[in-house]
Amino acid sequence: MSAPIKSCSLDPVPTFLVRELIDVLLPHITLMVNASLAHGRLPASQKCAIVTPLLKKPGLDSTDMNNFRPVSNLSFVSKVVERAVASQLNKYLADNDLLPRCQSAYRKGHSTETALLRVWSDMLMAANERRLTLLCMLDMSAAFDCVDHSILLHRLQVGVGITGVVLD
């Protein structure tokens with residue numbers, strides 16, 4: 001059974017209808033996505049989201065706002081553009097060997113399971129060689145909120161080679 005088709009009230013046409021008429025709409029959607037990529041911009045109509053607060057875990061106190069996380073519902077076109085950008089960026093990074101060898105997040109064929117297997121393997125190898133293993137774990141879930149954007153842009157330009165419209 002496939003996942004339900006989700007729609008956003010920001011979309012002028014329900015997603016199920018877009019999928020039903022994809023053969024007719026695909027050339028137009030492709031033009032919109034390519035124009036966004038070429039200009040490095042989304043139309044203002046696609047920069048909106050409906051943000052819904054959801055409890056982080058069932059049973060948490062719903063009167064404490066710290067127990068909620070924001071969930072953004074984006075329009076269909078902005079999701080398609082986002083997916084195209086992510087796909088092209090991941091391909092560029094992989095083709096140019098710019099991803100850290102042991103990075104598991106946001107990589108096809110890698111997961112928390114592959115990361116755990118790597119850690120477990122390293123621990124077993126160390127134990128086999130009678131070496132001590134120390135494991136330090138950090139919660140990086142909110143790390144992106146702390147990133148200095150000027151440093152990030154500089155590293156993308158100098159370290160990764162992303163320039164021009166893409167960097168803008």
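The questions and answers below concern a predicted model.

Q: How many salt bridges does a search of the whole structure find?
A: A salt bridge needs a side-chain nitrogen of Lys or Arg within 4 Å of a carboxyl oxygen of Asp or Glu. Asp 95 and Lys 91 form one of these pairs, and Asp 122 and Arg 118 form another. Arg 131 and Glu 129 also meet in a salt bridge. Searching the whole structure gives a count of three.

Q: How far apart are the closest N and O atoms of Asp 95 and Lys 91?
A: Both Asp 95 and Lys 91 belong to helix α3, where four residues, or about one turn of the helix, separate them. Asp 95 and Lys 91 are both exposed. Their side chains form a salt bridge, and the distance between the closest N and O atoms is 2.6 Å.

Q: Which residue forms a salt bridge with Asp 122?
A: Asp 122 is partly exposed, because its relative accessibility is 39%. The closest N and O atoms of the bridge are 3.1 Å apart, and the partner is Arg 118.

Q: Is Glu 129 buried, partly exposed or exposed?
A: The side chain of Glu 129 meets that of Arg 131 in a salt bridge, with an N to O distance of 3.0 Å. Buried means under 20% relative accessible area and exposed means over 50%. Glu 129 has a value of 47%, so it counts as partly exposed.

Q: How many disulfides does the count come to?
A: A disulfide needs two cysteine sulfur atoms within 2.5 Å. The closest cysteine sulfur to that of Cys 146 is in Cys 136, and the 17 Å between them is too far for a bond. Cys 136 is exposed at 65% relative accessibility, and Cys 146 is exposed at 67%. The number of disulfides is zero.

Q: Which residues gather in the patch of positive charge on the surface?
A: Lys and Arg count as positive. One member of the patch, Arg 83, is found in helix α3, which covers residues 76-95. Arg 83 is exposed, because its relative accessible area is 68%. The patch is made by Lys 6, Arg 19, Lys 79 and Arg 83.

Q: What is the area of the nonpolar surface patch made by Leu 89, Tyr 92 and Leu 98?
A: Leu 89 has its place in helix α3. At 35% relative accessibility, Leu 89 counts as partly exposed. Together with Tyr 92 and Leu 98, Leu 89 makes a nonpolar patch of about 210 Å².

Q: What is the phi of Asp 97?
A: Asp 97 sits in the loop between α3 and α4. Its relative accessible area is 67%, so Asp 97 is exposed. Although Asp 97 is not a glycine, its phi is positive, at about 50°.

Q: Where is Arg 130 placed?
A: Arg 130 is not a glycine, yet it has a positive phi of about 55°. Arg 130 is exposed, because its relative accessible area is 79%. Its place is in the loop between α4 and α5.

Q: How far apart in space are Met 125 and Ser 7?
A: Met 125 lies in helix α4, residues 112-128. Met 125 is partly exposed, at 48% relative accessibility. In sequence, Met 125 and Ser 7 are 118 residues apart. In space, their C-alpha to C-alpha distance is 49 Å.

Conventions: Residues numbered from 1 in each chain as written. Predicted model: local features only at pLDDT ≥ 70, side-chain atom pairs only at ≥ 80, totals over all residues. Heavy atoms only, no water. Patch = residues over 30% accessible without salt bridge, like charges linked within 9 Å, V, L, I, M, F, W, Y side chains within 5 Å. Areas by Shrake-Rupley, 256 points an atom, 1.4 Å probe, with all protein chains shown as cover. Charge placed at Lys NZ, Arg CZ, Asp CG, Glu CD. Helix = DSSP H or I, 4+ residues; strand = E, 2+ residues; numbered from the N terminus. Buried < 20%, exposed > 50% of the residue type's maximum accessible area, 1.4 Å probe, protein only.
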